[in-house]
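Please read the following note beside the sequence and the model. The points are numbered so that each can be checked separately.

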Amino acid sequence: MPFMPERDRHVPTDPVAVSPRLRSLASRLLGRAAVHADRISNTHLAAAGATRWQYATLVTLRDGGPASQATLSERTGIHRSDMVAVLGGLTEAGHVERAPDPDDRRRNIVTLTSAGRSRLRALDHLVDQTQQELLAPLTPAERAELLRLLQQIDDHHSTR
């Protein structure tokens, strides 16, 4: 990650004081939007005793079914070594179960539990509120268009 002084990460900036050139750079605006999104999301999830990585793992298990730790790492973008810690916390909380893969006893298959499904329903509601807060200045049509454009950018750069 490039150097970013700590003081620059959280200090609000008066848009009027920012150079028009800087306000015209998509990369800068996307970066600032990402900082705002992380701050809002992390604040809400932390208040519920959760992390974005736990949420991503629970969603991936719900939507994709049981999976190996390596597959979960690929599907969520969480590094394999970090996935071990994420799954440890989710297992301890009773939200997932890990069991040896019957086809390859060297790896574990992770399954969402009923407690995990319940936890995910609560977190889904919280994440929906987070999205509302983040996108508050946009109309529903603008939100849909922004999402479409961001997906297009992500798809383009993810396939490279």
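1. The patch itself is made by Leu30, Leu146, Leu150 and Ile153 and has an area of about 300 Å². Patch members are residues with over 30% relative accessible area and no salt bridge, with like charges joined within 9 Å and nonpolar side chains (Val, Leu, Ile, Met, Phe, Trp, Tyr) within 5 Å. Accessible areas come from the Shrake-Rupley method with a 1.4 Å probe, and for residues only the protein chains shown count as cover. Ile153, found in helix α8, counts as partly exposed because its relative accessibility is 43%, where buried means under 20%, exposed means over 50% and partly exposed lies in between.

2. This is a predicted model, in which local features need pLDDT of at least 70 and side-chain atom pairs count only at pLDDT 80 or more, while totals for chains, interfaces and linings use all residues. Residues are numbered from 1 along each chain as its sequence is written, and side-chain values use heavy atoms, with hydrogens and water left out.

3. The protein has 8 helices and 3 strands, and from the N terminus on its elements run α-α-α-α-β-α-α-β-β-α-α. Helices (H or I, at least four residues) and strands (E, at least two) are DSSP runs, numbered from the N terminus. The C-alpha trace spans about 60 × 35 × 35 Å along its principal axes, and buried residues make up 25% of the 160 residues.

4. The largest nonpolar core has 20 residues, and those with the most contacts inside it are Leu58, Leu72, Val96 and Leu123. The elements that give two or more residues to this core are α4 (52–64), α6 (80–92), β3 (104–112) and α7 (114–134). Such a core is a set of buried Ala, Val, Leu, Ile, Met, Phe, Trp, Tyr and Cys residues joined through side-chain atoms within 4.5 Å. Leaving out residues up to four places away in sequence, Val96 touches several residues, including Leu58, Leu61, Leu87, Leu90 and Val110, where contact means heavy atoms within 4.5 Å.

5. The side chains of Arg52 and Asp38 meet in one, at 3.0 Å from N to O. This pair links distant parts of the chain, with Arg52 in helix α4 and Asp38 in helix α3 (residues 26–47), 14 residues apart.

6. Arg107 forms a salt bridge with Asp101, with the closest N and O atoms 2.6 Å apart. Asp101 is buried because its relative accessible area is 4%, whereas Arg107 counts as partly exposed at 40% relative accessibility. Salt bridges that share partners join Arg62, Asp63 and Asp124 into one network. Within this group, Arg62 forms a salt bridge with Asp63, the closest N and O atoms being 2.9 Å apart.

Notes
Salt bridge = Lys/Arg side-chain N within 4 Å of Asp/Glu carboxyl O. Buried < 20%, exposed > 50% of the residue type's maximum accessible area, 1.4 Å probe, protein only.
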